[in-house]
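Good morning, and thank you for joining. Please look at the structure on the screen, and I will then take you through it.

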Amino acid sequence: MELRVDEERILNGEEGESRQKAMELLVALGKVYGAENLIGITSAHLSGASYKTIGEGGLKYLTDQVEGGAKVTVPSTLNPVGMDLGRWKEMHITEHFAMKQRKIVELYGKMNVMTTCTCTPYVGPNIPKFGDHVAWSESSALSFVNSFIGARTNREGGPGALAAAIIGKTANYGLHLEENRVPSVLIDADIDGSVFSYSLLGQAVGSRVGKRIPYFRGLPKDTGTEEAKSLSAAMAASGAVALWHAEGVTPEAKNYDVSDLEVIHIGEKELKDAYGQLNTTEDIQLIALGCPHLTEKEIHEIAAMLKGKKKRPGTAEIWFCTSAAIREKCAKDVKILEEFGPVLADTCMVVAPIEGTFSRTGTNSAKAGNYLPTLCSQRVMCKDIAQLMEAVY
Ligand code: F3S
């Protein structure tokens, strides 16, 4: 791997130990993946922020980083953590967990990371532009910015994204290179166009294509942020898709001739199978919406659905998950939602320790439908929002 003189200086420790360690990690990754050089990035998005997922080992790693003087040098945002930093008591979180979680967020803050704690930073404040090279490590978010925006990122791990944020560069391989962004399988999709149908489509496609780059034909032309985020999240969870193209929808789709690709048809039968895979109970204790985090539009639609209705006593608890910024922006709608359950910021149903309180959860997200059983020991009901809500009013 070819390093510039200033990069060699960092590697030799002339700019301090923390930058040296970060550079060592980038160079090691670059060697593994055959990168020829480093490339400058415009932003980073970091995962590995919940005390539930990173534990004491992660806390120690972050403490060492801060004590070594680590600072990010490009705008960097943070993924959801294990609780709403202000309203954690409403989530049945213990004092001990809250104390550890606050410490983790504080450590990221000391490194100048924006402690946004959201998995949808691409609706603000971290919005890459077409062609930007970035280092993002939330699987749903990185697939969204790669595909729907046309930025360039690999599927980074937490430490790799942090190292890139510290140096302001990443190893130039994989999806940073044009030749690796070419679609490899054609998906002939037949869906009804609801956001939930994109989630089921993602489930069906991810489990069939794994890491490959799908090219969709047949998606509605008005596929927007909400649909793209659901599709990205589902394919990243049921497979390992980091980039997808869709005819008439995504910016790079027009660059490719797909006439020779293998074709996979996804229609009613395949969506029904996906639904069957995701649903393992009809009896739930918690309904958790917002995977990925609810957007302004989604909160508005849910408020319209719930307006004038009352939650039936004894029905499932409800959490609405979004970012602090969106919650603040949607104050009027949030008031309506709060009649049904807390609108939580900074966190989500997967990275929060819900297994201490619940064992059966409802969600409208295929991503949550994949992770709730494995990471939170839940049985799952996965339906669209209107159907989930019918159970509580
Ligand atoms: Fe976001 Fe949590 Fe889902 S981080 S994508 S809401 S699993």
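This is a predicted model: local features need pLDDT of at least 70, side-chain atom pairs count only at pLDDT 80 or more; totals for chains, interfaces and linings use all residues.

Domain 1 covers 5–178, domain 2 covers 182–277, and domain 3 covers 279–390. Between the centres of domain 1 and domain 2, taken over C-alpha atoms, there are 27 Å. To their contact, domain 1 contributes 18 residues and domain 2 contributes 19 residues.

How much area is buried between domain 1 and domain 2? The figure is about 1,400 Å², and carbon and sulfur atoms supply 64% of that area. On the side of domain 1, the residues that lose the most area to domain 2 are Ser 147, Phe 148 and Arg 155, which together account for 39% of what that side buries.

I turn now to the polar side of this interface. Across the interface of domain 1 and domain 2, the rule finds 1 salt bridge. It also finds 4 residue pairs in polar contact there, both residues being at pLDDT 80 or more. By class, the side of domain 1 that touches domain 2 comprises 8 nonpolar, 7 polar and 3 charged residues.

Searching the whole structure gives 1 cavity of 30 Å³ or more. The largest cavity holds about 100 Å³ of space. It is lined by 16 residues, and those closest to its centre are Ser 230, Cys 291, Pro 292, Asn 364 and Ser 365.

Conventions
Residues are numbered from 1 along each chain as its sequence is written. Side-chain values use heavy atoms; hydrogens and water are left out. Domain bounds come from an automatic or database domain assignment. Contact means heavy atoms within 4.5 Å. Buried area is the accessible area (1.4 Å probe) that two parts lose on being put together, summed over both. A salt bridge is a side-chain nitrogen of Lys or Arg within 4 Å of a carboxyl oxygen of Asp or Glu. A polar contact is a pair of N or O atoms within 3.5 Å; within protein, one must be able to donate a hydrogen and the other to accept it, and residues adjacent in sequence count only if both atoms are side-chain atoms. Ala, Val, Leu, Ile, Met, Phe, Trp, Tyr, Cys and Pro count as nonpolar, Asp, Glu, Lys and Arg as charged, and the others, Gly among them, as polar. On a 1 Å grid over the protein atoms alone, a cavity is a set of points where a 1.4 Å probe fits but cannot get out, and a pocket is an open set with protein on both sides within 12 Å along at least five of seven lines; lining residues have an atom within 4 Å of a point. Grid points are joined across faces, edges and corners, and a volume is the space filled by probe spheres set on the points.
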